[in-house]
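Hello,

Here is the structure I promised to pass on to you. Please have a look at it first, and then read my notes below.

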Amino acid sequence: MRGAEKNKPPLTPAQEAVQAANTCAQCGACMAVCPVYQAGRREDLVARGKLRLLKGLDDGTLQPDRHLQKTLGRCLLCGRCSDNCPNFTPAKEGLQAGRAA
């Protein structure tokens, strides 16, 4: 670890969630392996949809509410999305952080 990195404060859950969302290329590779998406076939049930919602929270186009909280909670945190991601998006970690933010 370089000197400047040692002195950086740890990311907040919100910052960690946004960082994960920003690495998502929206390619849809997560859709093929997500058991929640396979059951419901809705964009908000797959990692890329949830990560897009987290971006909306960050940029102010969405406001936190009970529906959004419920949507973010619809994830098994199995990590299949992250394992199948060609862009190595840490979706599981981002969604965990998004729930905590």
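Let me begin with what I mean by a cavity: on a 1 Å grid over the protein atoms alone, a cavity is a set of points where a 1.4 Å probe fits but cannot get out, while a pocket is an open set with protein on both sides within 12 Å along at least five of seven lines, and lining residues have an atom within 4 Å of a point. Points are joined across faces, edges and corners, and a volume is the space filled by probe spheres set on the points.

Please keep in mind that this is a predicted model, in which local features need pLDDT of at least 70 and side-chain atom pairs count only at pLDDT 80 or more, whereas totals for chains, interfaces and linings use all residues. Residues are numbered from 1 along each chain as its sequence is written, and side-chain values use heavy atoms, with hydrogens and water left out.

**Cavities**

Two cavities of 30 Å³ or more turn up in the structure. The largest cavity has a volume of about 120 Å³. Its lining is made of 16 residues, and Cys34, Cys75, Leu76, Cys78 and Cys81 are the closest to its centre. At least two lining residues come from each of H3, H4 and helix H7 (91-100); helices here are DSSP runs (H or I, at least four residues), numbered from the N terminus. By class, the lining of the largest cavity has twelve nonpolar residues, one polar and three charged. For these classes, Ala, Val, Leu, Ile, Met, Phe, Trp, Tyr, Cys and Pro count as nonpolar, Asp, Glu, Lys and Arg as charged, and the others, Gly among them, as polar.

The second largest cavity comes to about 100 Å³. Of its 15 lining residues, Cys24, Cys30, Cys81, Cys85 and Thr89 are the closest to the centre. H4 and helix H6 (80-84) are the elements that give two or more residues to this lining, and H4 has the largest share, with three residues. The lining of the second largest cavity divides into ten nonpolar, four polar and one charged residues.

**Thr89**

Where does Thr89 lie? Thr89 is in the loop between H6 and H7. Thr89 counts as buried because its relative accessible area is 4%; buried means under 20%, exposed over 50%, and partly exposed in between (1.4 Å probe, protein chains only). Leaving aside neighbours within four places in sequence, Thr89 is in contact (heavy atoms within 4.5 Å) with Ala20, Thr23, Cys24, Leu51 and Ser82. A polar atom of the Thr89 side chain also lies 3.1 Å from the backbone oxygen of Thr23.

**Leu45**

Leu45 sits in the loop between helix H3 (35-40) and helix H4 (47-59). With a relative accessible area of 6%, Leu45 is buried. Not counting residues up to four places away in sequence, Leu45 touches Cys34, Val36, Tyr37, Gly40, Lys50 and Arg74.

**Salt bridges**

How many salt bridges does a search of the whole structure find? There are three, where a salt bridge is a side-chain nitrogen of Lys or Arg within 4 Å of a carboxyl oxygen of Asp or Glu. In one of them, Asp44 meets Arg42 at 3.1 Å, N to O. Asp44 is buried at 19% relative accessible area, whereas Arg42 is partly exposed at 39%.

Glu43 forms a salt bridge with Arg48, their closest N and O atoms being 2.7 Å apart, and another with Arg52, at 3.7 Å. Arg48 counts as buried at 16% relative accessibility, Glu43 as partly exposed at 27%, and Arg52 as partly exposed at 42%. Through shared partners, salt bridges join Glu43, Arg48 and Arg52 into one network.

**The largest pocket**

Finally, the largest pocket holds about 270 Å³ of space. It is lined by 14 residues, and the closest to its centre are Leu54, Leu57, Leu72, Gly98 and Ala101. Helix H2 (13-23), H4, helix H5 (66-73) and H7 each give two or more residues to this lining. Nine of the lining residues of the largest pocket are nonpolar, two are polar and three are charged.

Key. A polar contact is a pair of N or O atoms within 3.5 Å; within protein, one must be able to donate a hydrogen and the other to accept it, and residues adjacent in sequence count only if both atoms are side-chain atoms.
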